[in-house]
Amino acid sequence: MDFATALQILDSTIRLATPLLLACLAGLFSERAGIFDIGLEGKMLAAAFFSAAFAAISGSVWVGLLAGIAASMVLSGIHGLASITFRGNQLISGVAINFLAAGLTVLVAQAWFNQGGRTPSLAGDARFNPIEWPLAGVMENIPLLGPVYAELVSGHTFLVYIGILAVPASWYVLFRTRFGLRLRAVGENPGAVDTAGISVVRLRYTAVAICGLLCGLAGAYLATGLAAGFVKDMSAGRGFIALAALIFAKWRPWYALSACLLFGLLEAIGNRYQNIEVIGITLPVQFMQALPYILTVVILAGFVGKAIPPRAGGEPYVKER
Amino acid sequence: MQKMPQWADVFLIPLISLLIAFFLSGLVILAIGESPIEAVQIMVTGALGSTYGWGYTLYYTTNFIFTGLAVAVAFHARLFNIGGEGQAMLGGLGVALVCLSINWPHWLLALPIAIVGGALFGAAWAAIPAYLQAKRGSHIVITTIMFNFIAAALLNYMLVNVMRPQGAMDPASARFPEGASLPTFQDLFATAENPLFRGAPINVTFFVAIAACFLVWWLIWRTRLGYQIRAFGHSETAAVYAGISPVKITIIAMLISGGLAGCMAINNVMGEAERLVLNSVEGAGFIGIAVALMGRSHPFGVFLAALLFGFLYQGGAELSLWSNIPRELIVVIQALVILFTGALDNMVRMPLERMFLAMRRSDTAQSERKPEAAE
């Protein structure tokens, strides 16, 4: 493998890791506040469809982005209603949201565009286009550093940079602000937060709303950045890989970045090569596809660095009278 | 003290939830510019208007009984098995290996062995998440989700690289031998002058599914193991105090659950396709969740809910043929049923409980007043 190929793989790693990263951070906020969310997949899918649909109709990707975020936040609201207000089972609610998105997107796509459950192809201003950084063209001639700058740093779409910036931002919010402290506390011991006179319900709804916002960005990136339009089931399990990455990262923002880059790299390699030879053993492409899930199970099993979820995760909070 | 009578808990709440789900689905149909009444008509005639339609409805019902029972058994031990999809896929692999192993002389011989094969493979696929939950405390929901994806990759590998006959293009196994072919209802019930169930895939597996319902009922409510499973599901600490091993019950309940999901393959792989194809499960493992929730984890409820979803599935297929409504409408209905009977259960339950309490209070108030009047 030469330098140019390696650069290309790393370049697509960044692009493929972005939706995972945004969704993973979305799950981070929700689960740190004690709301399990296996509906990341559905929210991404809904955001992907509505961003593509509104971008196609209006011709502006920004309108699409807003519509995608709105769709994702509506589903987040349902999840909040079920798991916070009505104290239902958060896992079942997540399953329902995944199906709701899978069904509704195709239904509405068929009714609006009549193209068998897809949106028209997006072009021009209806998509996020690569942003060329200054001097990328000039620096290309510098050996080693130049191509790295031109391929990896420059030339991605807006949401890729947002995704990377979201990592320090999430870290700062969660670990350096009062809001973040309270949010984490509500995921560990909601009773204590309540005793301190802070509303558990409001904190959890805020966390779920942030989750919806970030999932909306992830979905919009899928349909308007990575691809050019919506196709049926286009999230293709990415929400679950993001969930896997979240566990892999042990519910921490910086680890989430590395986990998502790792899973992005696996996907990039899987896309490029059919079979991979490692020390004389041929690994089939299916193994590469399954690897993120296998790694997550290994981590969950606790044989390599045990992952411990937030303690109050999945438990509805019942105020004592 | 119970807040409301049992019949309300068992019938009224699922019924109201279902009505809300159907009402919202109707609104969805209206919103995409179609007529809900016409849609219902197409679905009823398509799914229940002929023995052909019934043949498909009952075929889907059979699938959903197995996956619904699988989720229900796990629910009794308070385990949420989302892995029915993967377990049914692996069950398909088991059934296919049994059917292809020898040239079966008769289906009556092949069927029991295939049941064992499907159940073993399904159970094996549930065993690892069960062990991890019981011994290492890994959350079973996450591990079973992961195992669904691993199962899909494994099946893909097996079909493309191992089981595909030489020269074949599509990723599928060879056809099963004649002797492993299960008789369909057409073979059983159609006569020359009365061609019933023509071309429909419903087969003898339906009776196996009914038997499975009775077996699960007997297991859960009539055996010591079933009692232990229910006790563990109600309160783990109480179960431990009573000498019930949480590790043992978790693993056994998940093995039974996975085995039931794996048995679904007798219907779709051995009974219908007669070879193993990619994506033969078609989401039935997930529908099992909706079926178990609606059926309140009771085998009879599971049977009724499976019948309802069988009707919806076949009706949905007809709908996409004869109208402009895509098949995905069924996925929306399924989502709404899961949402209202599962996650938003309290939304329906709380007002009802309040209503029953108010009724009881006014009853007791009246009965208290009477003795006073007698004095």
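Modeller: Let's start with A:Ala223, which touches A:Ala48, A:Ser51, A:Ala52, A:Leu122, A:Ala228, A:Gly229 and A:Met234, leaving aside residues up to four places away in sequence. Contact here means heavy atoms within 4.5 Å. Everything comes from a predicted model, where local features need pLDDT of at least 70 and side-chain atom pairs count only at pLDDT 80 or more, while totals for chains, interfaces and linings use all residues. As for bookkeeping, residues are numbered from 1 along each chain as its sequence is written, chains are lettered from A and ligands numbered from 1 in the order in which they are written, and side-chain values use heavy atoms, with hydrogens and water left out.

With a relative accessibility of 0%, A:Ala223 counts as buried. The cut-offs are under 20% relative accessible area for buried, over 50% for exposed, and partly exposed in between, using a 1.4 Å probe and protein chains only. Compare sequence and space for a moment: A:Glu320 is 97 residues away from A:Ala223 along the chain, and their C-alpha atoms are 45 Å apart.

So where does A:Ala223 sit? You'll find A:Ala223 in helix α10 (residues 200-226) of chain A. Helices are DSSP runs of H or I with at least four residues, strands are runs of E with at least two, and both are numbered from the N terminus. At 1.5 Å a residue, the 27 residues of α10(A) should span 39 Å, and the end C-alpha atoms are 37 Å apart, which agrees. That expected span is 1.5 Å times one less than the number of residues. There's a bend of about 30 degrees in α10(A) at A:Ala220; a bend is the angle between axes fitted to the seven residues ending at a position and the seven starting there. α10(A) is mostly covered, with 19 of its 27 residues buried.

α1(A) bends by about 35 degrees at A:Ala17, with the proline A:Pro19 following within four residues. Like α10(A), α1(A) is mostly covered, and 24 of the 30 residues in α1(A) are buried. Just past the end of α1(A), A:Gly34 has a positive phi of about 90 degrees.

Most residues other than glycine have a negative phi. A:Asn114 has a positive value, near 55 degrees, in the loop between α4 (90-113) and α5 (136-139) of chain A. With a relative accessible area of 52%, A:Asn114 is exposed. A:Lys250 isn't a glycine either, and its phi is positive at about 55 degrees. A:Lys250 belongs to the loop between α11 (238-248) and α12 (253-272) of chain A, and its 27% relative accessibility makes it partly exposed.

Over in chain B, helix α5 covers residues 107-136, and its 30 residues should span 44 Å at 1.5 Å each; the end C-alpha atoms are 42 Å apart, which agrees. α5(B) has a kink of about 30 degrees at B:Ala127, shortly before the proline B:Pro129.

How do the chains meet? The contact takes 43 residues from chain B and 42 from chain A. Between them about 3600 Å² is buried, with carbon and sulfur atoms giving 82%; buried area is the accessible area (1.4 Å probe) that two parts lose on being put together, summed over both. On the chain B side, B:Arg136, B:Met146 and B:Phe149 lose the most area to chain A, together 16% of what that side buries. B:Val28, in helix α1 (residues 6-31) of chain B, touches A:Leu104 and A:Leu107, not counting residues up to four places away in sequence.

Finally, a word on confidence. The model scores ipTM 0.90 and pTM 0.89. Chain B averages a pLDDT of 90, and 97% of its residues score at least 70; pLDDT is the predictor's confidence in each residue, from 0 to 100. In chain B, confidence is lowest in helix α15 (residues 345-374), at a mean of 77, and highest in helix α8 (residues 205-222), at 96.
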